[in-house]
Amino acid sequence: MSSTTHPAPDDCSLLARFAPFDMLEPAERARVLAAARPIHAARGELLVQQEDCPRGIYLVLAGRVKCFVLSPSGGEKIVRLAEPGSFFGEEAALINRPHVANAQAMSCSELLLVPTPALRAAMVSSTAFSVSMSTRMAAASYDLMSTMQVQFQLSGTQRVAHYLTRLAPEDAERWEIRLDTDKQTIAAQLNLTPETLSRILSQLTRDGMIQPRGRRGMVLSELSKLRSCAAH
């Protein structure tokens, strides 16, 4: 595991484009940026391994990173997808405990590693930043608990239907979508095998609720039925 690093950027407006760092005063952002380490990660590169000691939080500037755990059989369970503007590793960094999940770049990605001391100093110096950071962490925890609830209480078909309905407006009956990730990644998010996901999608197609459109395109043709499927 070895990420290519470059000299720290000197554009102090960089962090201002990403919440919650936009809550900091310019001088505070400059101090955080001076301590941060830019990372360029190639596709497939491991950024964090389970049980690693934390060094700080990772802010994704570009690309996508998946945080995942492995089952004893080697299957992946994705617990978070970090898109540009989001970060990961904060739960381990702030309590100084080993990481519980791996983090791997899904595409060429640009990140900033903000060391824990710099993060803590910013939280002490700015109440607004501290509150915003806490709110984002609470939202991430809530999303994780919601995901666990779905996986424990819903069948595989219900999980897939629930996932698809969230990609369309609540009042839509027909909606065309394009999946922004591959089926293997979606299966790992839903705690399903790729084979099971394919079988469920085929059944939903036969039932008339979805219509495939190419490799990742799909028409959700009967959303009311799909929502009912997700609920029962």
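E76 is partly exposed, having a relative accessible area of 30%, where partly exposed lies between buried (under 20% relative accessible area) and exposed (over 50%), with a 1.4 Å probe and protein chains only. The model is predicted, so local features need pLDDT of at least 70 and side-chain atom pairs count only at pLDDT 80 or more, while totals for chains, interfaces and linings use all residues. Residues are numbered from 1 along each chain as its sequence is written, and side-chain values use heavy atoms, with hydrogens and water left out.

**Exercise 1.** Locate R64 and E83, whose side chains meet in a salt bridge, and describe what the pair ties together.

*Solution.* The N to O distance of this bridge is 2.8 Å. R64 lies in the loop between strand 4 (56–62) and strand 5 (65–70), and E83 in the loop between strand 6 (76–82) and strand 7 (87–88), so the pair ties together parts 19 residues apart in sequence; strands are DSSP runs (E, at least two residues), numbered from the N terminus. Finally, R64 counts as buried at 12% relative accessibility, whereas E83 counts as partly exposed at 29%.

Terms used: A salt bridge is a side-chain nitrogen of Lys or Arg within 4 Å of a carboxyl oxygen of Asp or Glu. Helices (H or I, at least four residues) and strands (E, at least two) are DSSP runs, numbered from the N terminus.
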